[in-house]
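Please look through the structure shown here, together with its sequence, and follow the explanation from one part to the next.

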Amino acid sequence: MPVLVRSFAKINIGLRIGPLREDRFHELHTIYQTLDFHDLIKVETGQGIGIEILCKNPQVPVDESNTCWRVAERVLRALNARAKVRITIDKRLPVQGGLGGASSNAVATMMALEKALKRQLKAEDRLRIAADVGSDLPLFLIGGTVLGLGRGEQVHALEDLPPLDCVVAAPAIGVSTPQAFAEWDRKLTGPEASDKIKTFSQSVYDWLSGSRFSPTGVPAKGRGQAETLLLDLVRAGIANDFESVVFPKHPSLREVKRVLERSGAEYASLSGSGSTIYGLFAKRSKAVAAARVMSKSGVLAQAWKTLPRDQYWKKLFSS
Ligand code: C5P
């Protein structure tokens, strides 16, 4: 029986890049948030050996370099299992878009393969395999609102944000994450980066301990919960460091962010290293209208919702 898994996107609400480490990765601090926008992964197992990947999108590699292939190989090894594995990727998320599509696909493959083989990995093996394949994989083992530390692979479940209206604009530009990090190194290194990363935790704390966790739990007068939360997010100064290297290289992306802000986004930002730009809105109607304006201007945009943890797990195996 084929196993179908939804492979959800993530956005980064703030991303601070720290110094280059000895292992050539950068220390980073970020908040990941899963979105109700997904690819579909189908995993089938049969007799024999070998891993096969099928995907109609020519931008997706179907060889050993695909994150799904790399995870499947490690899962088979960890379970000491022999099987022919076929993985079909129905691609809807932008490729190289900063929405973690390839990472999410890989974690969805892990979950589907365990189910197809009727075997379960230990939680620590799942985490080890995910972190081994990429820094952005472990967050998808938690879902919802997640704090990412280390090189992004050290994940901690945060108290979930309520579902927020989120417009995702996907310009037809692919940004290579390693190249964006290299550009960052050319521009900014040393104590400045270390200091910036230190302030991130304080900003996150200020934001999350603000309106949402106010002693009364009552939002400021005349404002809804989403609006108060987003205003506090702006006030906390949480930002994505990649913007300072990606925007000068692709000025049209800065304009996409401005269009979202002008359309009423309370908070807009590049996600990961881009090129996706998202906007968080206090009202659904504004988000839908903004997506329409954006699409009319020639940049594909859609209104989604952020996906809290319980919903993430509920929807994962439903086709
Ligand atoms: O971990 P992942 O495979 O996604 O990383 C891809 C590349 O991005 C790494 O090889 C590295 O060049 C860069 N990277 C980094 N610092 C991080 C995460 C990724 O420099 N924290």
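Which strands does helix α8 lie across, and at about what angle does helix α8 run to β9? Helix α8, residues 251–262, lies across β7, β8 and β9 (277–281), and runs at about 10° to β9. Helices (H or I, at least four residues) and strands (E, at least two) are DSSP runs that are numbered from the N terminus, while axes are lines fitted to C-alpha atoms, for helices over the stretch in contact, with angles from 0 to 180 degrees between N-to-C directions. Helix α9, residues 284–296, also packs on the sheet, where α9 touches β7, β9 and β10, and its direction makes about 160° with that of β10; contact here means heavy atoms within 4.5 Å.

This is a predicted model, in which local features need pLDDT of at least 70 and side-chain atom pairs count only at pLDDT 80 or more, whereas totals for chains, interfaces and linings use all residues. Residues are numbered from 1 along each chain as its sequence is written, and side-chain values use heavy atoms, with hydrogens and water left out.

The sheet itself is open and is formed by four strands in the order β8-β9-β7-β10, with antiparallel pairing; two strands pair if DSSP finds at least two bridges between them. Its edge strands, each pairing on one side only, are β8 (267–270) and β10 (301–305), and neighbouring strands of this sheet are turned by 20° against each other on average, direction ignored. Strand β7, residues 165–169, is joined to β10 by five bridges, and the two run antiparallel, with D165 standing opposite K305 in β10.

From the sheet we can turn to the division of the chain. Domain 1 (3–161 + 309–315) and domain 2 (165–305) make up this division, with bounds that come from an automatic or database domain assignment. The C-alpha centres of the two domains lie 23 Å apart, and 30 residues of domain 1 are in contact with 42 residues of domain 2.

Where does the largest pocket lie? Both domain 1 and domain 2 give residues to the lining of the largest pocket, so it lies between them. On a 1 Å grid over the protein atoms alone, a pocket is an open set of points with protein on both sides within 12 Å along at least five of seven lines, a cavity is a set of points where a 1.4 Å probe fits but cannot get out, and lining residues have an atom within 4 Å of a point. The largest pocket has a volume of about 1,100 Å³, and of the 48 residues that line it, the closest to its centre are A102, S103, D136, T177 and P178. Helix α4 (177–187) gives the most to this lining, with five residues.

The second largest pocket, with about 320 Å³ of space, is lined by 20 residues, of which P94, V95, A170, P171 and L300 are the closest to its centre. Strand β10 gives the most to the lining of the second largest pocket, with three residues. Both domains give residues to this lining as well, so the second largest pocket lies between them.

Finally, the structure holds one cavity of 30 Å³ or more, and the largest cavity has a volume of about 40 Å³. Among the residues that line the largest cavity are V5, F8, M111, F140 and Y312, and the elements that give two or more residues to its lining are β1, α2 and α10 (309–316).

How values were computed:
Points joined across faces, edges and corners; volume = space filled by probe spheres on them.
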